Amino acid sequence: MIKLNPKLSQKFSYLLLCVATILAIVPVVVIIFIIIKNGASVISWEFLTSMPKNGMCGGGILPAIVGTLSIVLCAVLITLPIGVCAAIYLNEYAKDNLLTRIVKLAIVNLAGVPSVVYGLFGLGVFVMFLKLGVSIIAGALTLSIMELPVIITTARGALSSVPYSFREASLSLGVSRWQTIRHVVLPNALPGILTGAILSIARISGETAPILFTAAAFYVPHLPHSPLDQVMALPYHLFIISTQIPNMPKNIIYGTALVLLMMVLTMSCVAIVARIYFRKRRKW
Amino acid sequence: MRKSLDTIIETIIFICGMLSIVFVVLIFGFLFKEGFAFFKDFGVSKFITGQFWYPSSEPASFGILSLILGSILVTVGACLIAVPIGIMTALFISEIAPKGVRDVLKSLVELMAAIPSIVIGFVGMVTVVPLVKNIFNLSTGLTAFAGAIMLAFMAIPTIVTISEDAIRSVPWQYREGALALGATKWQTIRRIVLKAAMPGIIAAIMLGIGRVIGETMAVMMITGNAAHIPHSIFDPVRTMTATIAAEMGETVRGGMHYRSLFAIGLVLFIITFIVNFTADLFLGKKKNR
Amino acid sequence: MVNKIKVENLSCYYNEKCVLESLNIDVVQNEILSVIGPANSGKTTFLRTLNRMNDLDITYSRKGDVYLDDNNIFDMKMEDLRKRVGMLFAMPIPLPMSIYENIIYAPKRLGLITRKSYQDTIVERALKDASLWNEVKDRLNSSAMRMSGGQQQRLCIARILAVNPEVILFDEPCSGLDPVSTVKVEESMLELKQKYTIVLVTNNVKQASRVSDRTAFFLTGKLVEIDKTAKLFVSPKEKTTEDYITGRFG
């Protein structure tokens, strides 16, 4: 084997790494490009705000948008307070003992359970056992458990970025532990917690498998009236029109994908930008 | 008054802290309850090693060997693509790219992670699938290979983010030591940095594998969903996740078929538990060093 | 002479390792007691035990008792104790809020403010007592993070004064400050002596001789000597004390 000159081998390796990075990044750009190029033409106010027509081959996707928003908002309202409290427990109260190790292991495990297994769980517990039926609330509960580990992890990161000395200063004045958390730690961790929450909203808006058997309906001719209604959901709608209905006009499929993608990406970008912004103007 | 309010809130916080444990136990319990009922009727070994998945024929056969092989084939294929690309990207981002470029690249990787799997599945269906069909001259492009490509895209963000973390947490002194001895920057990266970051990188790979095994929608749309034992990566396959997602709608609630899908869920749960537990051990090792 | 704090047979440990051994010491009301000694002499551990800040550290344990006005501090509620025994840290730690909010923070949380109109009075009094009022009275609503180090440290003093403590613990309060700011902090300490009892832990032997009434010398977890400052610095009983204050080690 020829021994390469170290300088030359460095150049060659850097080139290789650069190519790999391009390979990793290009798909994002290509996917977004394909969807926008083919989908942009159908996007109109009418597409966003009207009901589907002709067996979904025409009209708009309003019920799917409304359905997704209602499931996701319910899910976040459930998971955010629980997740933040759990993060407070882990970061501020938990001692380094067996119980804490088990809690952490549980969180790691929850984060790794496949989304379709959450779907099974939601079907078994919320739809069947608690008799909520296929409904917004059953889907939201399923998604909220799935999102719990993510919220806990990001909230914990935000809490632990608040300097320990702030807590000491407050405690040394005789302020109780909870009051210190409530009035010193939480306000300073809030930007981080909120960016985490936005990222989770983005993530669960695109989830299909967990709501497959818990919330989503093939077609509902009206907007949801109560949390116990079945709804259409954007990702599920995209799944149906792209695989289950033959002769579906291609531009409607792309348009639906574009709406979903934009919803998710806009929220992600907002969160990323917000995070950079708050990090820059942090006071400590 | 103030004191008792504090106590109430702290109790609530404690309960929320414990909920994660409750949920894991509940999930396992529910899968186990339905799965166990199924195993009593059908038998574990027949379930795991049976070659035929004919859930609705008479008599029904619930062998998931072909589904397990399908999952493994797609996962291995995706990892062969995603692991080298992911690690190299992580190295590029953390060691070579200038600061401005690094932030842009990291944001792009994060955006990739945010794209819903259903969208990736759809794009794969209209681009990669026909491409695979034409290039390799197959009767259908809906194959394990096409699935592996799309799943690799989904595993890359996970691998990059966690490996990058691990590489960045290698202390500066390690690099300075090597550079001071006259090693080039690349030699330092390859021999010192990569080695020191290895536990974190292994964890990243494990978590990437976890993500791929659990992936459902994209796989269901691209891999062809044929429940037979695959002979090559260019065969259509059906994974465990896709089976659950595709068939749950047709089952009779509480019936044998319904329960068999929970049993598959149980298998998936156990696999991902082991994968994540191992990843966590490696991450813990990194921290203790 | 009234003893404000009485320490009886106090031993402290981190992870079973003894850092302070059977300490007996009294703090007299309205005096400044300074504690000097080299690193690892246990002086900061002693100070942090007096308002139980060390209880936050899970590796910490202790034996022995400390009495505040004849009440055992380990039987008291942590919050009540810390309200009566305030603490100033080595680095100034203003909370990330305005100057005004920093001072009103603890009184608010402790429920000391019964009427809203009291707030201004409390803030003004605390800042005046910490001799900071003239410098900041026109910018009470600007962020405390934008003050100079010396101002921040005096703000922290004012913050402690706002809850009306009886004892104030100073943990090397000038180690991060320039000489001019140090003088200002020392001046406010001498002012505060009229109303409060002060325990000062310092690495700066000269500072101890300038401000304190009595001085205690700690070495490797033991109290070597305690006496009137004037006496200890002129004619110490122990050889090690003399070596330390004359700068032969430490």
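In the predicted model, helix α3 (residues 99–109) of chain C packs against helix α4 (residues 118–129) of chain C at an angle of about 110°, and the two axes lie 10 Å apart. Because angles of 65 to 115 degrees count as roughly perpendicular, α3(C) and α4(C) are described as roughly perpendicular to each other. On the side of α3(C), the contact is made by C:Y100, C:I103, C:I104 and C:P107, while α4(C) contributes C:Q119, C:I122, C:V123, C:A126 and C:L127. An α-helix has 3.6 residues a turn, so residues three or four places apart point the same way. By class, the contact of α3(C) with α4(C) comprises eight nonpolar residues and one polar residue, with no charged residues.

Chain C also contains an open sheet of six strands, arranged in the order β6-β7-β8-β3-β9-β10, in which the pairing is mixed. The edges of this sheet are formed by β6 and β10 (222–228) of chain C, each of which pairs on one side only, and the twist from one strand to the next averages 15°. Strands of a sheet pair through backbone hydrogen bonds, either parallel or antiparallel. Strand β3 (residues 32–36) and strand β9 (residues 214–219) of chain C run parallel and are joined by four bridges; within this pair, C:S34 has C:T215 of β9(C) as its bridge partner. Helix α1 (residues 43–50) of chain C packs on the sheet, where it touches β3, β6, β7 (167–171), β8 (197–201) and β9 of chain C, and its direction makes about 150° with that of β8(C).

Chain A is built from 11 helices and two strands, which follow one another from the N terminus as α-α-β-β-α-α-α-α-α-α-α-α-α. Its C-alpha atoms fill a box of roughly 70 × 70 × 40 Å along the principal axes, and 55% of the 284 residues of chain A count as buried. Of the contacts in chain A between residues at least 6 apart in sequence, 76% join residues at least 24 apart.

Within chain A, helix α7 (residues 164–172) has A:A169, A:S170, A:L171 and A:S172 as its buried residues. These buried residues of α7(A) pack against α8 (177–205) of chain A and also against α2 (78–84) and β6 (85–88) of chain C. Just after α7(A), A:G174 adopts a positive phi of about 95°.

Between chains A and B, 70 residues of chain A are in contact with 71 residues of chain B. Helix α1 (residues 6–39) of chain A supplies the largest share of the side of chain A that touches chain B, namely 19 residues. By class, that side of chain A has 54 nonpolar, 14 polar and two charged residues.

Technical notes
Residues are numbered from 1 along each chain as its sequence is written. Chains are lettered from A and ligands numbered from 1 in the order in which they are written. This is a predicted model: local features need pLDDT of at least 70, side-chain atom pairs count only at pLDDT 80 or more; totals for chains, interfaces and linings use all residues. Two residues are in contact if their C-beta atoms, placed from the backbone, lie within 7 Å. Ala, Val, Leu, Ile, Met, Phe, Trp, Tyr, Cys and Pro count as nonpolar, Asp, Glu, Lys and Arg as charged, and the others, Gly among them, as polar. Axes are lines fitted to C-alpha atoms, for helices over the stretch in contact, and angles run from 0 to 180 degrees between N-to-C directions. Angles under 35 degrees count as roughly parallel, over 145 as roughly antiparallel, 65 to 115 as roughly perpendicular and the rest as oblique. A residue is buried if 20 or more other C-beta atoms lie within 10 Å of its own, exposed if 12 or fewer, and partly exposed in between; C-beta atoms are placed from the backbone. Two strands pair if DSSP finds at least two bridges between them.
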